[in-house]
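Have the sequence and the 3D view open as you read.

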Amino acid sequence: MGGAVSKLWTAPEDDPRTFGQPVGEKATYREYLGNYRLTIEMKCDGLDAEQLGRRSVPPSTLSLLGLVRHLTQMENHWFQRVLQGRTDAPRLYKHEDDPDWDFGSAVPDPAVVKDAFATWKAEIAKTDEWLDALEEADLGREVPADGGSHATRDVLVHVIEEYARHAGHADLLRECIDGRTGL
């Protein structure tokens, strides 16, 4: 790669993601979930509040900052509220009267950025603590959600799917900001 192109990619030795051969179902979910989280973080790395809050194309409210807030809300919903039944706390970045609040109120303000990333990291830590204690046999346990029930493994796959979809959005958003196309 030439000098200008190499700035668009993370050197393999600096890539924090793992690409091993996880053993077991739970380890596989953990590796994919961890790698997608890191991908989102890497897509946001080095950007200021204005860049993180930059909207994709009107009238869309999609931005990298909005994605972080949405993924925080999603982690909280699925891991805290659904899988652990912790519904007593208010929902994160969600207002019933504004379904786009996680994105729409993601304004390019340093305090909003700091809050979003701190809250996201806190939700990840809570999720990881719960996953650490999860027994492989519990992956088939059914939990009530959306008027029915879902196996824990299905929720994990859904969360991974959500991260994967939004990592694709993050690719395009980052490329529009500074031309960076790789990690």
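Predicted model: local features only at pLDDT ≥ 70, side-chain atom pairs only at ≥ 80, totals over all residues.

Residues are numbered from 1 along each chain as its sequence is written, and side-chain values use heavy atoms, leaving out hydrogens and water.

**Helix 4 against helix 7**

- Helix 4 (residues 64–82) packs with helix 7 (residues 152–178) at an angle of about 175°, and their axes are 10 Å apart.
- That angle makes helix 4 roughly antiparallel to helix 7 (over 145 degrees counts as roughly antiparallel).
- Axes here are lines fitted to C-alpha atoms over the stretch in contact, and angles run from 0 to 180 degrees between N-to-C directions; helices are DSSP runs (H or I, at least four residues) numbered from the N terminus.
- On the helix 4 side, the residues in contact include Leu67, Met74, Glu75 and Phe79; among those on the helix 7 side are Val159, Tyr163, His166 and Leu173. Contact means heavy atoms within 4.5 Å.
- The residues of this contact divide into 13 nonpolar, four polar and three charged (Ala, Val, Leu, Ile, Met, Phe, Trp, Tyr, Cys and Pro count as nonpolar, Asp, Glu, Lys and Arg as charged, and the others, Gly among them, as polar).

**Glutamate 75**

- Glutamate 75 belongs to helix 4 and is buried, with a relative accessible area of 0% (buried means under 20%, with a 1.4 Å probe and protein chains only).
- Not counting residues up to four places away in sequence, glutamate 75 touches Arg37, Gln80, Glu123, Ile124, Thr127 and Tyr163.

**Aromatic pairs**

- The whole structure holds three aromatic pairs (ring centres within 6.5 Å, using the six-membered ring of Trp; planes under 30 degrees apart are stacked, over 60 edge-to-face and the rest tilted).
- Phenylalanine 79 and tryptophan 130 form a tilted pair, with ring centres 6.1 Å apart and planes at 55°.
- Phenylalanine 79 lies in helix 4 and tryptophan 130 in helix 6 (residues 110–133), so this pair ties together parts 51 residues apart in sequence.
- Phenylalanine 79 is buried at 0% relative accessibility, and tryptophan 130 is buried at 14%.
- Phenylalanine 117 and tryptophan 120 pair edge-to-face, 6.1 Å centre to centre with 75° between the planes.
- Phenylalanine 117 and tryptophan 120 are three residues apart in helix 6, so about one helical turn separates them.

Terms used
Helix = DSSP H or I, 4+ residues; strand = E, 2+ residues; numbered from the N terminus. Parallel < 35°, antiparallel > 145°, perpendicular 65-115°, else oblique. Buried < 20%, exposed > 50% of the residue type's maximum accessible area, 1.4 Å probe, protein only.
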